[in-house]
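Dear colleague,

I am passing on the structure below, followed by an account of what turned up when I went through it. Please read the account with the coordinates open beside you.

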Amino acid sequence: MLSPRAMDTSTKPRFQFRLRVYRDSTIAIGPGKIALLEAILDAGSITAAAQRMGMSYRRAWLLVDELNRSLREPAVESAAGGARGGGTVVTDVGRELIRRYRSIEATARAAAAEDIAAMAGMLAD
């Protein structure tokens, strides 16, 4: 039996750029780590960001640790606990990393717009 998505002929194609920066065999910077940084910015903690993204705290922490070890300066730092406990801060380096990553995506999308439109026209309705 076909899934509802497979039967839906009105679905528009989606083109997505997935930039990944490798250091040896490790993905130093990629779409998941950037999305996690954005979630930490919004949520204020790795725990809340992980929950929003549907991943375990351990997985999120490992991704943040891997990202921080890949950079000259950390993208994420722990904040000292206060009345509400500790949290996590996305550093200026982390914010700049997000900005540049999203800028590269936008530049690539704009540069490829004509080819994307042509390829979309080649797809079955």
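Helices here are DSSP runs of H or I with at least four residues, strands are runs of E with at least two, and both are numbered from the N terminus. This is a predicted model, in which local features need a pLDDT of at least 70 and side-chain atom pairs count only at pLDDT 80 or more, while totals for chains, interfaces and linings use all residues. Residues are numbered from 1 along each chain as its sequence is written, and side-chain values use heavy atoms, with hydrogens and water left out.

The 13 residues of α2 should span 18 Å at 1.5 Å a residue, and the end C-alpha atoms are 18 Å apart, which agrees; the expected span is 1.5 Å times one less than the number of residues. Just after α2, G44 takes a positive phi of about 85°.

Within α2, I40 is buried, with a relative accessible area of 1%. Leaving aside neighbours within four places in sequence, I40 is in contact (heavy atoms within 4.5 Å) with S45, I46, A49, V64, V76, T88 and V90. The C-alpha atoms of I40 and R52 are separated by 9.5 Å, the two residues being 12 apart along the chain.

**Confidence and overall make-up**

The pLDDT, which is the predictor's confidence in each residue from 0 to 100, averages 89 over the protein chain, and 86% of the residues score at least 70. Confidence is highest in α2 (residues 31-43), at a mean of 97, and lowest in helix α1 (residues 4-7), at 53.

The protein chain has six helices and four strands, which follow one another along the sequence as α-β-β-α-α-α-β-β-α-α. Of its 125 residues, 26% count as buried. The accessible surface, from the Shrake-Rupley method with a 1.4 Å probe and, for residues, with only the protein chains shown as cover, comes to about 8900 Å², of which 52% belongs to carbon and sulfur atoms. Among contacts with a separation of 6 or more, 49% come from residues 24 or more positions apart.

In helix α3 (residues 46-53), I46, A49 and A50 are buried. They cover an arc of only 100° around the axis, which puts them on the same side of α3; the arc is that of the directions from the helix axis to the C-beta atoms. On the other side of α3, Q51 and R52 are exposed.

Helix α4 (residues 57-70) has 14 residues and should span 20 Å at 1.5 Å a residue, in agreement with the 20 Å between its end C-alpha atoms. Its buried residues are A60, L63, V64, L67, N68 and S70. Seen down the axis of α4, these buried residues fall within an arc of 160°, so they line one face of the helix. The face turned away from that buried side carries the exposed residues R58 and R69.

A60, in α4, counts as buried at 0% relative accessibility. Apart from neighbours within four places in sequence, A60 is in contact with L36, I46, A50 and M55. A60 and K33 lie 27 residues apart in sequence and 8.7 Å apart in space, C-alpha to C-alpha.

Strand β1 (residues 21-23) and strand β2 (residues 26-29) pair in the antiparallel sense over three bridges, pairing being assigned if DSSP finds at least two bridges between the strands. V21 stands opposite I29 in β2. The two strands form a hairpin with two residues between them, and D24, in the loop between β1 and β2, has a positive phi of about 60° although it is not a glycine. Most residues other than glycine have a negative phi. D24 is exposed, with a relative accessible area of 79%.

T91 is placed in the loop between β4 (85-90) and α5 (92-111), and it is buried, with a relative accessible area of 12%. Neighbours within four places in sequence aside, T91 is in contact with P74, A75, V76 and E77.

With best regards

Methods
Buried < 20%, exposed > 50% of the residue type's maximum accessible area, 1.4 Å probe, protein only.
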